[in-house]
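The following points concern the ligand site and the salt bridges of the structure shown below.

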Amino acid sequence: MTHDVNIKSFNAWLKFLGKKRPICIAGPCSAETEVQVMKTAKQLKETAGLTIYRSGIWKPRTRPNTFEGVGEKGLPWLKRVKDELNMFVTTEVANGYHVEKALKYDIDILWIGARSTANPFVVQEIANALKGVNIPVMIKNPINPDIALWLGAVERVHSVGIDRISAIHRGFSSFGAKKYRNLPQWQIPIEFRNYIPNIPMICDPSHIAGNKERIEEISQRAMDLNFDGLIIESHFNPEAALSDAQQQLTPKKLKKLLDKIQIRKLVGKNEKLSNTLTAMRSLIDDLDASLLDTMEKRMKIVETIGMFKKQNNLIVLQQKRWDELMRKNLNIAKKKGLSKTFVNNFFKFIHQESINKQSKIIND
Ligand code: PEP
Ligand code: MN
């Protein structure tokens, strides 16, 4: 089901920004001083050729008593970037007051942060403040993996007449030690685009990675998944940054990274590529069909066994049998070069379904 939000296509955005895919937005996590804002912007423009500048002005952090942004006094600095360097500028707004101030200083694009998207009260307040204003808005995914919240935020902003909306994928919070600061869960932005197919999707590899090292790999992945752009944190002197120091790149390093990323093409209208791909995909379709046949047969046998267990008053979960089966299957999988995690999860799923079926039969 697609949502009834008439968003201007990516092309309308590109026209506005005067750019080709991928759009690249860069700048510091936070505006700290006028010198830092100007110096970083100048380097991004001169070294990396970038023209869209991001910077947080209000930075309510996860915990208090850390740097909370310079606030309003940073807005004239962004205005200077816009006027003197001829760049587009964008900042985060988290309430109606922020919107009012950002508009006063001619900010070109606003963004709604992940914590705000998670709160419909906040999103509605921002939307109300945007009534009658024609400004592009980027909406980050909520910190929790909830597509409906993300879509709801787009709908609230769209309902006040904003039609240049894009989405930013910045990953999702999770508990415990992990490889990423925020888990990418790529299937979520992909599914999100099934609901609003022409919404520009921008990836924020900085907040997904949480460190400098993984930014390139995440950016490449986003491009391979046909994302429209990137928003990357950059600071002229990352070590001295007052927020997110560990994930910011110098403009020079960012330029290197952007040069390295491969922008692969869509199959689109190229007939030869498209025919070859269709042929290879038909092999996959055949295999998927036989997987489903096998599953159908397996579940029928599971039902027969369920009936047998019921007649003989046996319990559903026979742990020993399951352990043996898994050991055997993992051994075979290893010889076939299949990943252990994948095969483990695959059989866990099948097993869960089998247990559900048999429990139902026994209790019917
Ligand atoms: C940011 O972009 O600096 C920011 C605060 O991001 P997020 O809302 O994704 O945490
Ligand atoms: Mn940040």
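1. Helices are DSSP runs of H or I of at least four residues, strands are runs of E of at least two, and both are numbered from the N terminus. Asp259 and Lys255 stand 4 residues apart in helix α11 (residues 251-260), which means that about one helical turn separates them. Their side chains form a salt bridge with an N to O distance of 3.1 Å; the term denotes a side-chain nitrogen of Lys or Arg within 4 Å of a carboxyl oxygen of Asp or Glu.

2. The model is predicted: local features need pLDDT of at least 70, side-chain atom pairs count only at pLDDT 80 or more, and totals for chains, interfaces and linings use all residues. Side-chain values use heavy atoms, without hydrogens and water, residues are numbered from 1 along each chain as written, and chains are lettered from A and ligands numbered from 1 in the order written.

3. Asp259 is exposed at 53% relative accessibility, whereas Lys255 is partly exposed at 30%. Buried means under 20% relative accessible area, exposed over 50%, and partly exposed in between (1.4 Å probe, protein chains only).

4. Arg54 has a polar side-chain atom 2.8 Å from an oxygen atom of ligand 1. For Arg170, the corresponding distance to an oxygen atom of ligand 1 is 2.6 Å.

5. Arg54 also forms a salt bridge with Glu233, with the closest N and O atoms 3.4 Å apart.

Notes. Polar contact = N/O pair within 3.5 Å; in protein donor to acceptor, adjacent residues only side chain to side chain.
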